[in-house]
Amino acid sequence: MIICLPNRSGQKDRLIVGLASKTRRNHDDAGKRLQGGVVLFQHYELIFLTCIHALRILLVVAMAALEFFFFFLVLLFSAGTQGILGFTNPDDDRALQSLKDQWKNTPPSWEKGLSTMGLQGKLEADIGELTELRSLDLSFNPRLTGSLTPNLGNLEKLNILILAGCGFIGQIPDELGNLSELTFLALNSNNLTGPIPPSLGKLSNLYWLDLADNKLSGSFPISTSTSPGLDQLLKAKHFHFNKNQLSGSIPRNLFSSGMELIHVLTLLSFDDDILFDGNKLSGAIPDTLGLVQTLEVLRLDRNSLTGPVPSNLNNLTNVNELNLAYNQLTGTVPDLTGMDHLSYVDLSNNSFEASEAPAWFSTLTTLTTLILEQGSLYGSVPEKVFSFPNIEQVKLKDNSFNDTFSMGDSIGGSLQLVDLQNNQISSVTLSSGYTNSLVLVGNPVCNTSLSNTAYCQNPDENPKTYATNLANCGNKLCSPDEKLNPQSCECVYAYEGTLYFRGPSFRELSDSNIFHSLESSLWNKLNLTPGSVFLENCDAPNPGCPLTTRQPAEIYVSQVMRHVHV
């Protein structure tokens with residue numbers, strides 16, 4: 001199970017998540033490491049409703065995806081082919097048997113589904129003969145390789161198609177546009193290449209479109225008199241195109257007031273979102289984006305976008321995460337007044353005009369994280385921002401703030417970090433009400449009155465780590481294949497996986513209460529024995545945290561639930 005947490009510090013954290021069982025399983029061949037799991041969720045209001053809602057979505061989707069397979073496959077692999085002939089037509093039986101013969105490392109029973117099972121092989125044309133299939137989830141089987149067969153387009157009753165986290169290559173078949181009943185399409189985290197097929201615009205019932213983390217190129221297809229396009233997906237709530245090689249401008253016609261989008265991501269990467277981050281997009285941000293008032297997450301960071309930010313952006317009053325960092329945007333710092341649900345804002349590394357801090361620094365009381373680094377802000381830092389009830393991080397390094405710095409007398413209880421490195425601050429009024437991290441390195445004040453204080457020392461680049469407390473288990477050791485259950489202190493064969501938080505409502509990872517909340521939420525939502533979840537958050541790369549190396553622009557909360565005793 002994977003969820004991605006953007007890292008603004010260039011470091012990578014990870015957690016490992018797993019479910020423990022007292023019965024030994026064939027973990028090596030049947031998916032001991034649940035590398036992947038789910039990339040389906042994003043940005044919920046309460047801290048760990050983000051993760052738990054995601055897990056709930058996963059379970060619902062997984063159950064839906066198994067409806068067909070349970071009916072045919074359990075009998076097929078536990079009782080033999082003869083036992084199923086009375087329930088399926090001969091074509092279905094032949095197709096299922098063919099798939100079984102083609103794939104290696106198939107589990108003895110498909111009762112638990114096919115996601116994260118270590119399947120090996122290719123998705124051949126036979127799959128297209130299962131014309132009654134409603135849900136297909138083969139996600140996170142990285143040894144499923146080869147190209148996607150055009151015969152997937154024959155599955156005209158398919159409602160859910162999840163092929164995320166596999167090893168598929170080649171182009172997305174045009175024939176997927178024939179799946180008129182499809183509501184959920186996740187092809188993310190493969191090695192797919194080529195353009196986005198315009199035929200996907202025919203999927204009029206589509207709710208979720210995730211093509212992230214591939215090698216797709218070209219521009220966004222827009223409908224014409226003779227060809228469909230993505231602008232026709234009026235029911236879609238999630239556009240995830242991040243971490244590809246898409247180029248060109250973002251078409252103005254891609255967005256309209258009739259859309260229901262909540263998530264738009266173009267670089268990295270949930271509710272309604274647009275994720276376009278981490279591509280090669282250029283040109284201006286289209287003003288039509290301001291018409292999509294259902295939007296909750298907007299990420300256009302790490303592209304090459306130019307020009308001013310549209311003045312109607314603050315019409316998006318439901319947005320809780322806005323990231324426009326690492327572009328070439330110009331004009332004035334955007335006016336975010338009225339965006340009263342904003343929790344996370346990052347406008348760093350653009351070319352905005354020099355100005356004092358905008359008024360919304362003092363009015364957006366819902367903020368948890370404010371980042372505007374490598375900017376041209378001068379004058380004083382508004383004291384009000386430090387009093388917001390949920391503010392955790394204020395990162396304004398590499399600007400030109402030059403007045404006396406004061407945080408005031410009313411400081412929010414959640415504030416953990418204030419980073420003002422490399423400004424022009426010459427005097428500071430310290431507050432006794434704040435004892436967490438304040439970084440003033442590179443300011444004139446560090447050459448005078450505060451020169452020998454911790455405020456003028458380079459910050460610790462090693463983030464705090466977390467691991468579920470095993471102190472009650474003493475020094476008990478387990479075999480290399482086993483893990484300690486933190487509740488019973490028994491050695492168990494644990495299911496392990498990784499959770500990536502793509503758009504969490506929390507940012508500060510030094511607070512152990514966040515992890516405690518996640519542990520207890522997992523017990524409750526998964527009906528586990530209280531105390532049986534193990535979470536570990538540690539730096540990567542690290543011998544104890546064997547995560548795949550990722551871009552330095554991200555932090556990975558690899559929440560490895562190593563031990564869940566069920």
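Which residues form one aromatic cluster? F184, Y207 and W208 do. This is a predicted model, in which local features need pLDDT of at least 70 and side-chain atom pairs count only at pLDDT 80 or more, while totals for chains, interfaces and linings use all residues. Residues are numbered from 1 along each chain as its sequence is written, and side-chain values use heavy atoms, with hydrogens and water left out.

**View 1. The aromatic pair of F220 and F241.** The ring centres lie 5.1 Å apart with the planes at 65°, so the pair is edge-to-face (rings of Phe, Tyr and Trp, the last by its six-membered ring, pair if their centres lie within 6.5 Å, and planes under 30 degrees apart count as stacked, over 60 as edge-to-face and the rest as tilted). F220 is buried at a relative accessible area of 4%, and F241 is buried at 0% (buried means under 20% relative accessible area, exposed over 50%, partly exposed in between, with a 1.4 Å probe and protein chains only).

**View 2. The salt-bridge network of R299, D301, R302 and E321.** The closest N and O atoms are 3.9 Å apart between R299 and E321, and 3.8 Å apart between R302 and D301 (a salt bridge is a side-chain nitrogen of Lys or Arg within 4 Å of a carboxyl oxygen of Asp or Glu). R299 and E321 are both buried, as is D301 at 1%, whereas R302 counts as partly exposed at 23% relative accessibility.

**View 3. The salt bridge between D126 and R94.** Here the closest N and O atoms are 3.5 Å apart; D126 is buried at 14%, while R94 is partly exposed at 39%.
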